[in-house]
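Please read this briefing with the sequence and the model open beside you, and look up each part as it is mentioned.

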Amino acid sequence: MAYALPDLPYAYNALEPYISAKTLEFHHDKHHAKYVNNFNDMSQAAGMADKSIEEVIKASYKDSSKSGLFNNAAQAWNHTFFWNSMKSGGGGVPSGAVADKIKSDLGGYDKFKEEFKKAATSQFGSGWAWLVLDNGTLKVVNTANAVNPIALGMTPLLTCDVWEHAYYLDYQNKRPDFVEAFLNNLINWDFVNQQMAAA
């Protein structure tokens with residue numbers, strides 16, 4: 001089953017001034033599209049085209065002969081999740097079930113924000129920062145390159161892309177400023193609550 005490049009869930013300019021239309025066009029139409037195309041070609045060649053992208057991620061992780069397949073499958077999946085993790089007018093203090101869980105498991109929103117910013121800014125090189133459920137407990141983690149919580153047996157709830165192409169046109173080398181903008185103005189807490197309810 002070919003994995004289709006999903007449309008962005010908002011207009012290219014919807015996240016301005018925090019993420020520019022130009023960044024979203026390059027990031028979605030070039031980077032994400034290439035991962036999707038590579039994944040479809042590689043999964044076909046590996047005889048795994050009939051499997052879901054999540055199944056391919058789990059099956060190819062830690063298989064050195066399938067590292068290219070894993071990287072492209074995970075990156076295709078990660079980007080779709082990232083787009084949905086954001087919305088216009090988002091960010092700030094959450095409400096609903098995730099707010100209660102953040103308070104009980106992480107010590108409150110300020111602690112969450114501190115941990116998430118640290119995870120995102122301390123990730124050396126390319127990678128991702130995540131809010132996950134790990135055996136029912138909320139945790140903030142970071143992963144290198146394409147690795148995601150699905151591969152690690154965790155449930156992803158939220159992610160921020162800290163590969164340079166995610167922010168360089170708008171923030172140059174100021175990753176902390178991008179992460180701060182993500183936390184304060186972009187997080188789609190409704191999506192996070194939906195992921196938690198489905199877990």
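Buried means under 20% relative accessible area, exposed means over 50%, and partly exposed lies in between, as found with a 1.4 Å probe on protein chains only. Helices (H or I, at least four residues) and strands (E, at least two) are DSSP runs, numbered from the N terminus. The model is predicted, so that local features need pLDDT of at least 70 and side-chain atom pairs count only at pLDDT 80 or more, while totals for chains, interfaces and linings use all residues. Residues are numbered from 1 along each chain as its sequence is written, and side-chain values use heavy atoms, with hydrogens and water left out.

**The sheet**

- Three strands form an open sheet in the order β2-β1-β3, with antiparallel pairing, where two strands are said to pair if DSSP finds at least two bridges between them.
- The edge strands, each of which pairs on one side only, are β2 (137-144) and β3 (155-161).
- On average, neighbouring strands of this sheet are turned by 20° against each other, with direction ignored; for such angles, axes are lines fitted to C-alpha atoms, for helices over the stretch in contact, and angles run from 0 to 180 degrees between N-to-C directions.
- Strands of a sheet pair through backbone hydrogen bonds, either parallel or antiparallel.

- Strand β1 is mostly covered, since eight of its eight residues are buried.
- Gly-127, Ala-129, Leu-131 and Leu-133 point one way from β1, whereas Trp-128, Trp-130, Val-132 and Asp-134 point the other way, and all are buried.
- In a regular strand the side chains alternate between the two faces of the sheet.
- Eight bridges pair β1 with β2 in the antiparallel sense, and Leu-133 has Leu-138 in β2 as its bridge partner.
- The hairpin of β1 and β2 has two residues between the strands, and in this hairpin Asn-135 takes a positive phi near 50°.
- Strand β1 (residues 127-134) is also joined to β3 by six bridges, and these two strands run antiparallel; Trp-130 has Thr-159 in β3 as its bridge partner, and Val-132 stands opposite Pro-156 in β3.

- Helix α3 (residues 67-84) lies across β1 and β3 and runs at about 85° to β3.
- In helix α2 (residues 53-60), Ile-53, Val-56, Ile-57 and Ser-60 are buried.
- These four residues lie on the same side of α2 because they cover an arc of only 100° around the axis, the arc being that of the directions from the helix axis to the C-beta atoms.
- The buried residues of α2 pack against α1 (21-45) and α3, with contact meaning heavy atoms within 4.5 Å.
- Helix α1 contains His-32, which counts as buried because its relative accessibility is 0%.
- Leaving aside neighbours within four places in sequence, the contacts of His-32 include Leu-5, Gln-75, His-79 and Trp-83.

**Helices α4 and α8**

- Helix α4 (residues 97-106) and helix α8 (residues 189-198) pack at an angle of about 80°, and their axes are 8 Å apart.
- The two helices α4 and α8 are therefore roughly perpendicular to each other, given that angles under 35 degrees count as roughly parallel, over 145 as roughly antiparallel, 65 to 115 as roughly perpendicular and the rest as oblique.
- Where they meet, α4 brings Ala-97, Val-98, Lys-101 and Ile-102, and α8 brings Trp-189, Val-192, Asn-193 and Met-196.
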